[in-house]
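Dear colleague,

I am handing over the structure below, together with an account of what was found in it. Please read the notes with the model open beside them.

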Amino acid sequence: MKNEIYGIKFRKLRKQQHLSLKKVAEGITSRQTLGNWELGKGEMDFTKVLLLLRKIHVQPIDFLENSVSEYLRQITSEISGMYVNDQTDSLHQYAQHALNVSHDNVKDKIVFFRACVACNYLLDSTGNDLMNKSDKLRLNSYFNKIQNEDENWHYEDVYFFGNTQSVLTARKIYELAYSLSYYAKEHSTQNKEWTTAVLNTLINALFVLIKKDIGLAQKLDSILSENLKQISDGYSFEKIRFNFMHSLIEYIFTKDNAKILRQFDFLQFENLANLESGFRTAYKQVERIYFG
């Protein structure tokens, strides 16, 4: 694990427990290697990280998610800002530059992550796809390791999937959503940040599928409908989002928008202006795709 945020986080947790480098590293790695990793100057094998976490009595899921969540948000905040403010020229320049940098740093996952996210937002806002065949093969290769169960789903993978769906094929989106849904169900946790990220990523996947392949959208809709029955009311925001996506699918087949309009009225009554605005934009996109 090379990402410097991990080592820095581990150092903070170790010091909180007043444990020395020598004591924690013993039997796992050298004191110098651990010290370098904590300062962001070296790498640490993932299996050794798990052993080190056991030494300081920290659960891997909490360490990984809390370590990278803010870091990932920082990476994407500038990109999403340009997207929200409709700064398409700036977004195009940013995405092209990020892609060029990723081509020169093929082993740097974070650089590639930033490029994919920028291209994802650009494609969604303009329809302009900058990623070439090699870029997409590289992206698919990253997800294939998780999809084939060679690796587990971690927070950064969920976040990456949620922010690259526009540049993936409909089939790939469905397969990854199915994999993530199954993994989350088999590895249930009380960690709210993880559950929220998973639910929103799956709901985003549902909306992208609605625009790309309504048949696959129906399949994912059915899966999520069953899964959400097991989710507490503490995730009411996510349930509102899912219900709206479900209504969009019904609207496509029935051309009856009464249920959607009632949801707009509900959001107005509850003063959820931002959510209502997002839903109206989604509704207009679906109208344009299916009804011209």
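A residue is called buried when its relative accessible area is under 20%, exposed when it is over 50%, and partly exposed in between, with a 1.4 Å probe and protein chains only. This is a predicted model, in which local features need pLDDT of at least 70 and side-chain atom pairs count only at pLDDT 80 or more, while totals for chains, interfaces and linings use all residues. Residues are numbered from 1 along each chain as its sequence is written, and side-chain values use heavy atoms, with hydrogens and water left out.

Two exposed loop residues come first. Asn-271 is exposed, with a relative accessible area of 68%, and sits in the loop between helix H14 (258-269) and helix H15 (273-291); its phi is near 60°, a positive value in a residue other than glycine. His-18, in the loop between helix H1 (4-16) and helix H2 (21-25), has a phi near 55°, again positive in a residue that is not glycine, and it counts as exposed because its relative accessibility is 73%.

As for the whole, the protein chain has 15 helices and zero strands, where helices (H or I, at least four residues) and strands (E, at least two) are DSSP runs numbered from the N terminus. Of its 292 residues, 46% count as buried, and the C-alpha trace spans about 65 × 45 × 35 Å along its principal axes. Among contacts (heavy atoms within 4.5 Å) with a separation of 6 or more, 67% join residues 24 or more positions apart.

The structure holds 16 aromatic pairs, meaning that rings of Phe, Tyr and Trp (its six-membered ring) have centres within 6.5 Å, with planes under 30 degrees apart counted as stacked, over 60 as edge-to-face and the rest as tilted. One of these pairs is formed by Tyr-183 and Trp-194, which are edge-to-face at 6.3 Å centre to centre, with 70° between the planes. This pair links distant parts of the chain, since Tyr-183 belongs to helix H10 (residues 170-186) and Trp-194 to helix H11 (residues 192-212), 11 residues apart; both residues are buried. Elsewhere, Phe-113, Tyr-142, Phe-143, Trp-153, Tyr-159, Phe-160 and Phe-161 form one aromatic cluster. Tyr-159, Phe-160 and Phe-161 are also among the buried residues of H9, a helix in which eight of eight residues are buried.

Arg-138 lies over Phe-112 at 4.0 Å from the ring centre, and Arg-280 over Phe-264 at 4.1 Å.

The loop between helix H9 (155-162) and H10 contains Gln-165, which counts as buried because its relative accessible area is 2%. A polar atom of the Gln-165 side chain lies 3.1 Å from the backbone nitrogen of Ala-205. Leaving aside residues up to four places away in sequence, Gln-165 touches several residues, including Asn-120, Ile-173, Thr-201 and Lys-212. Thr-169 is found in that loop between H9 and H10 too, and a polar atom of its side chain lies 3.1 Å from the backbone nitrogen of Lys-172. Thr-169 and Lys-136 are 33 residues apart in sequence and 9.7 Å apart in space, C-alpha to C-alpha.

With best regards

Terms used
Lys NZ or Arg CZ within 6 Å of the ring centre and 35° of its normal. Polar contact = N/O pair within 3.5 Å; in protein donor to acceptor, adjacent residues only side chain to side chain.
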